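Reader: I am new to reading structures. Could you take me through this one, and tell me what backs each term?

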Amino acid sequence: MTTSESDLLARVPSQLFIDGQWTDADGSRTLVVRDPATGEVIREIADASPADGIRALDAAVAAQEAWGATAPRERSDILRRAFDLVQEHKEDLALLMTIEMGKPLAEARGEVVYGGEFLRWFSEEAVRISGRYGLNPEGTGRTIVSQHPVGPSFFITPWNFPFAMATRKIAPALAAGCTVVIKPAELTPLTTLFFVQLLVEAGVPAGVVNVITTSSSSDVSAPIIADPRLRKLSFTGSTPVGQKLIAQAAEGVLRVSMELGGNAPFVVFEDADLDRAVEGAMVAKFRNIGQACTAANRFIVHESVAEEFARRVSERVAAMKVGRGTEDGVQIGPLIDDRAVAKAQELVGDAVERGARVLVGGHALEGAGTFYEPTVVKDVVAGSAILREEIFGPVLAITTFADEDEAVRLANDTEYGLVSYVFTSDLARGHRMIDRLETGMMGLNVGVISNAAAPFGGVKQSGVGREGGLEGIHEYLNVKYTLIPA
Ligand code: NAD
């Protein structure tokens with residue numbers, strides 16, 4: 001580790017942040033955070049108990065009324081200052097993510113830009129929360145439709161985008177006037193701890209944002225979700241955990257937003273611009289080392305161009321540089337842990353057993369860190385696990401189709417529905433695919449779709465609710481209708 005890295009790590013708080021104070025966990029318990037590129041312990045931080053979780057909720061509940069009553073402009077200004085502070089600390093945030101999560105530094109910088117945009121976007125949306133006023137059809141009454149903050153909200157975020165998943169929830173909640181308890185993933189808690197300091201500097205009052213870090217996610221989360229004072233649960237993570245949390249939230253009929261897993265099809269038609277499709281494939285597959293919910297999981301390529309497409313992506317993949325994300329030119333960092341490497345190995349092994357061919361890669365790397373080679377497998381047959389499950393690693397799996405109906409059938413043949421990528425030069429076909437694909441989002445001739453101004457979210461088992469766009473703030477607003485005699 002370099003001195004600038006250790007200096008940065010020393011500036012990351014190691015305690016819980018509750019009611020505007022940094023505080024030790026119950027019994028001073030701690031958990032360790034590691035660098036996945038080396039396996040080294042990089043920081044020891046507070047490990048919250050269920051009682052700590054409730055303390056954080058107490059603070060959010062106590063702060064709710066005053067925060068909900070602040071002028072929208074005041075909330076907007078705070079978020080805008082937070083955006084500016086993120087720009088000032090862009091390098092720190094990026095390096096921190098690279099160290100704790102493993103993504104290449106250039107991508108971490110990209111995440112700071114993307115994540116920061118939610119602060120700017122929702123600072124702009126905070127002042128546009130509107131209502132309606134009108135006469136009822138009978139002419140006997142006047143109706144007022146107004147919007148109000150949902151109330152104290154609990155956020156659970158994943159390790160793969162430690163910064164953006166936090167801002168994508170915190171920014172709309174604060175804009176709407178909600179207070180927050182956030183529990184980042186235990187594998188990557190440092191980015192959120194660092195970021196909350198910027199929120200405080202931006203003027204977020206005590207109790208409005210509280211952070212708990214814990215190695216016992218389920219034990220700490222369950223009592224918060226069961227507490228009748230909580231009004232909203234927003235989760236980003238895997239579908240099985242999301243299903244459990246929805247069940248827990250049902251008890252209190254909580255409002256929920258669920259950003260869950262994906263199994264994105266990447267469909268390349270015979271009329272596609274192949275240069276564009278290859279470019280799109282590289283980013284849709286290998287961004288974040290393949291560990292994105294939006295990662296292209298199944299490359300469904302027309303049989304007449306599959307050979308050429310596979311040859312071109314293989315050339316690109318063979319030239320990718322693997323290493324610690326801080327090194328110059330690295331495109332593929334480590335996977336998050338041993339389990340992720342084992343999963344990639346298992347999925348490739350199963351595909352090969354059923355007849356697929358490995359064109360590039362196909363192995364875990366020996367030595368320190370949890371690395372898996374960027375890989376291309378072709379001729380993947382129906383029924384292979386790699387087509388059903390989220391790969392969450394740098395493995396590009398190619399299967400083929402003969403006509404448009406088959407492409408649609410294959411693309412929709414999954415319980416997920418987060419994002420789909422389609423490459424075609426035929427405009428009418430592009431529009432047909434918008435209608436026919438069961439998906440919350442679609443990239444038409446493009447491999448990255450995320451944008452703070454767009455509604456991010458899935459259908460089917462990929463989730464409910466939307467983050468970002470005009471829709472995002474409504475996840476944190478309740479609609480109230482009032483009638484007044486005319
Ligand atoms: P995960 O579900 O294992 O964990 C996500 C978070 O939930 C972590 O903070 C974890 O500590 C917590 N958690 C785990 N079990 C819990 C429980 N029983 N009760 C309460 N909290 C619990 O997911 P992950 O491995 O961190 O992230 C990868 C998954 O997230 C992938 O499936 C990916 O597709 C999904 N994801 C989705 C989106 C999206 O926007 N749709 C974005 C990023 C990641």
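**The ligand and its surroundings**

Author: Start with Trp159. In this predicted model, a polar side-chain atom of Trp159 lies 2.8 Å from an oxygen atom of the ligand.

Reader: Which distances do Ser217 and Ser238 show to an oxygen atom of the ligand?

Author: For a polar side-chain atom of Ser217, the distance is 2.7 Å. For an N or O atom in the side chain of Ser238, it is 2.6 Å.

Reader: How much of the ligand does the protein bury?

Author: Taken alone, the ligand exposes 840 Å². The protein buries 89% of that.

Reader: Which residues come nearest to the ligand?

Author: Thr157, Glu186, Ser217, Ser238 and Glu390 do, out of 29 residues around the ligand. To be counted as near, a residue needs a heavy atom within 4 Å.

Reader: What classes of residue make up the shell?

Author: The shell has 14 nonpolar, ten polar and five charged residues.

Reader: Which elements give two or more residues to the shell?

Author: They are helix H6 (164-176), helix H8 (217-226), strand E10 (232-236) and helix H9 (239-251). H8 gives the most, with three residues.

Reader: Why is the ligand placed between domain 1 and domain 2?

Author: Domain 1 (3-260 + 463-485) and domain 2 (264-453) both give residues to the shell, so the ligand lies between them.

**Two loop residues**

Reader: What is the phi of Phe392, and where is that residue?

Author: Phi of Phe392 is near 55°, a positive value in a residue other than glycine. Phe392 is in the loop between helix H13 (385-388) and strand E16 (395-401).

Reader: And what about Lys460?

Author: Lys460 is not a glycine, yet its phi is positive, about 50°. Lys460 is found in the loop between strand E18 (441-444) and strand E19 (463-464).

Technical notes
Residues are numbered from 1 along each chain as its sequence is written. This is a predicted model: local features need pLDDT of at least 70, side-chain atom pairs count only at pLDDT 80 or more; totals for chains, interfaces and linings use all residues. Side-chain values use heavy atoms; hydrogens and water are left out. A polar contact is a pair of N or O atoms within 3.5 Å; within protein, one must be able to donate a hydrogen and the other to accept it, and residues adjacent in sequence count only if both atoms are side-chain atoms. Accessible areas come from the Shrake-Rupley method with a 1.4 Å probe; for residues, only the protein chains shown count as cover. Helices (H or I, at least four residues) and strands (E, at least two) are DSSP runs, numbered from the N terminus. Ala, Val, Leu, Ile, Met, Phe, Trp, Tyr, Cys and Pro count as nonpolar, Asp, Glu, Lys and Arg as charged, and the others, Gly among them, as polar. Domain bounds come from an automatic or database domain assignment.
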